[in-house]
Structures are given as C-alpha cells and as structure tokens.
Amino acid sequence: MPRYEFTEGSSSKFWEITLEGTTLTKRWGRIGTDGQEKVEEFDSKAEAKKAYEAQVHEKVRKGYTLAEGGDSDGAEATAESAVNPDLEAAILAKPDDAKGYLAYATWLEGEGDPRAELIRLQHSALDVPAATATATRKKVAKFIEDHSGELLGESLAEAVSDETLKLEWHLGYIREARLGQVDYDSTANIPDLLAELLAHPSARFLIRLTLGMANFDGENDYDETLEVLAKAKPAPPLRSLFIGDFEFPDETEISWTQVGDLKPIYKVYPQLQELRVRGGEIGFGKIDLPELRSFTVETGGLDQGTVKDIVKAKWPKLESLEVWFGQENYGASGGVKDLKPLLDAEGVPALRKLGLRNSEFTDELCAALPKSKILAQIEELDLSMGTMTDAGADTLAQNAKAFAHLKTLDVTQNFLTKAGQKTVANVAKSVASGNQRTPYDEESRYAAVGE
C-alpha cells in the first residue's frame, strides 16, 4: 500500500491508499498508530483510478511525500493490465482497419480503461462534415487532457505539458510522436522518456517517431537513444523514423551531432518505410531494410566507408534516395567512383527520386550521370548545395537528351553565374537554379553544409 507522510512542526501524519479494481482503500492517522480506514466503491475502474490520482495529487499538493520504501505505483496496474495480446495482434495485422480498434474498445471498457471511450470518440470524428469534426476534435483534445494521467502516466504527461513530447492520437492510441529537448534550460532525459513512451500501452501502435535535440548542454548525442530503440519490447510497428530533427546552426551545428550506430535497429523495425538521419558520426553498416521507400542522410561530412554502405544496400522498394556528402574539412571523403553501384542501378529497381546533394564533386557528377544506367529510371534529380560551376552546367546542356525526361532538376545553391543558370534552364521539364552562391576565389568552392 503506497504510504505518504507529512512531518512539520508538531504534525506527524501518514496517509496510505490502495486501488484494486473499483475499490479504493485509505488509511490515515498519526505516525506510530494504526489510524483509521475508509473504503470507497466506484461504478467503474476508470472512475476509481481517476479518484485515486486526484486524491494522491491533493495530498502531495498539501506537502505529503512518499515514504522511503513506499510504492507510488499502486494504481498503475489498472492501465498496465489493460492489454490484450490477441486483440493487439489483430490491429497490427490490419493497422488501418477501424474494426480492430472498436473490438479492443469493447474489451477495454470492461477493464475500466479510458482508451475505450477515446477510441469511440475518435472513431466518431471519421468521415463527418468539417463543422462536426471540429467540435469532435475539441472534445477529443479535452478528453485526452482530462485523462492524461491514465493515458500517459505522470512523466509523459508532464513532457507533453512542456512540449518536450508532442503526440498525435488515432483511435485511442498514439500514432505519431516527436520527442526532444525544447531549449537550453531543458533538463528532460530523452532516452529515459523514450523508454517510458515505447513501453507504454498507449504507444503500442506508434508508426511515426521523430527525435529532436537529445541534449542542448554539450554535444547532441543519440547513442543512448538508439540503444533504447533497439531494446524496445515489444517494439512498436514504426514505419517512419527521423533522427535529428533540429535546426542548424540555430540549435546546434550539424557536425556537432553524434548520431551513432544504427545497425541494431534494422532487425527491430524491419517494416520501416521512411528513414531520415541528420547529423555526424553516423554508423550504417550493412543496411537491411527491405520495406524502405525513402532514405535521407543529411550530414556535413560523409566518409567513404559510409558512402559505400549506402550504395551497396539492396532496397527493392526504395523510391527516394537523398544523400548529403559534405565538406572534406569535416570528414567527407570519396567521390564519383564510390557511387558506381548506384549509378549502375544496382539494388534500386523502384528508385524514382535521387538527391546527390551538398557535394564537392558536383561537376564530376554532371559528367557521370549522362552515362549512368540509373538516370533513365529517375524522374526527379537534385544536385543542389554543391560545387557545380558553369562547366558543369555546360556538361548538362551538352547531354540534354539524357535529362529531357526528368520532371524536375534542382541545381540551386551551387556556384553558377547568370550565364550558367541560363545554360541549364531547359535541360529538364522544370529546372530550379536560383539562390546561387558566390566563391571568394577560384579555390574556395565548397559544399553548402560542413560544420
């Protein structure tokens, strides 16, 4: 039984509370005595749990503290026990079918779990007129706020309150989450909060996860966060993962961020369809993500070994590939020769959008692409943020037939003159060539992002 005590001046009191099903039992009195006992019955487990949390909150507000060795989780069993593996499996098998959620709602209602009502509330907002939907969304938002303790627990609810954690709910469960420190005053422990989120029943069907700043104080490091992701049991059915959702250079420099080793997450999240990584010191290793449709790596210094890991990956369903190479001064190495498997269209039969960005060998790419096998299957090509000169633009123009099928070509933020922009203007159906950079001299051309 959780025990709280209050000692101040001549006061020396205790207060104990236990929740079992719909029964709330309390004992209180002077420390050292047996005290008095009161039992309250409620119509549902949800009502009982709400009363439990309200009374604990009130005692804490008055100055009571949990006694040493006390257990503050006396009411958590209700939320944690409201899990049905068979019904979860049915939802996971058909995640876009509302019938599975509604079946779960019926079972959860018998357990006194507020998710039951939330599922029905959100289901009622589907396929309704806009005016009705707005009112229903407000009702849903209020319900989530009023039941945040039951739906999330104290730590996660507090993280939502201070915007460390942002959530999108779908049919009673968290579908999307963004987690990250909000500013330099933040003390939020991102790995711990992520572990709590992934273990919580409300996040069982999480499909999209975005990780913002892990740490404003010192280097922004995702090593511990990745370890938490790899150890999640059961792991949520993530389809989209974005590591490094920060503004650079305002929040931190891109090369000051250490992403870490991504290999352990491949087997845990084999259903990933979108992976985006921003930062430095990225370890991909042998990439095995057969369901991936979109892969983006944004960095200021991609080393030769990592380039080879990316181009050797077998992605039968990959439709979009975007790679930032970076500056030699910040660890970028390799060149066009290291891209040969990709240029030969090996392992990417579905690829339609290709970004070879932030490169210090953009002119060489302009020469290699017309001869490549991959170009014929590409519909969108992005060569922005690199070191393309008018010579590179001339190469593109001289091979215009090879690029004529492209829907879009992006050569912004390179080093083209007005004449160079004009030269490349008709190479593809739509060409973006504005926002060019000006070199200090002939030797100072560099990729747009390094530090």
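This briefing covers the aromatic rings of the structure. The model is a predicted one. A pair of aromatic rings is described by the distance of the centres and the angle of the planes. Ring centres must lie within 6.5 Å to pair. By this rule, the count is twelve aromatic pairs.

**The pair Y101 and Y173**

- Y101 and Y173 form a tilted aromatic pair. Their centres are 6.5 Å apart, with 50° between the planes.
- Y101 belongs to helix α4 (residues 98–110), while Y173 belongs to strand β7 (residues 173–179). These parts are 72 residues apart in sequence, so the pair ties them together.
- Both Y101 and Y173 are buried.

**The pair F295 and W315**

- The ring centres of F295 and W315 are 5.0 Å apart. Their planes meet at 35°, so this pair is tilted.
- F295 lies in strand β14 (residues 294–298). W315 lies in the loop between α12 (304–312) and β15 (320–324). The two residues are 20 residues apart, and their pair links distant parts of the chain.
- F295 has 0% relative accessibility, so F295 counts as buried. W315 has a relative accessible area of 1% and is buried too.

**A cluster of rings**

- Which residues do ring pairs link into a cluster? They are Y101, Y104, W107, Y173 and F205.

**A charge over a ring**

- R278 places its charged end over the ring of F246. The distance to the ring centre is 5.9 Å.

Notes:
Residues numbered from 1 in each chain as written. Predicted model: local features only at pLDDT ≥ 70, side-chain atom pairs only at ≥ 80, totals over all residues. Heavy atoms only, no water. Phe/Tyr/Trp six-rings, centres within 6.5 Å; stacked < 30°, edge-to-face > 60°. Helix = DSSP H or I, 4+ residues; strand = E, 2+ residues; numbered from the N terminus. Buried < 20%, exposed > 50% of the residue type's maximum accessible area, 1.4 Å probe, protein only. Lys NZ or Arg CZ within 6 Å of the ring centre and 35° of its normal.
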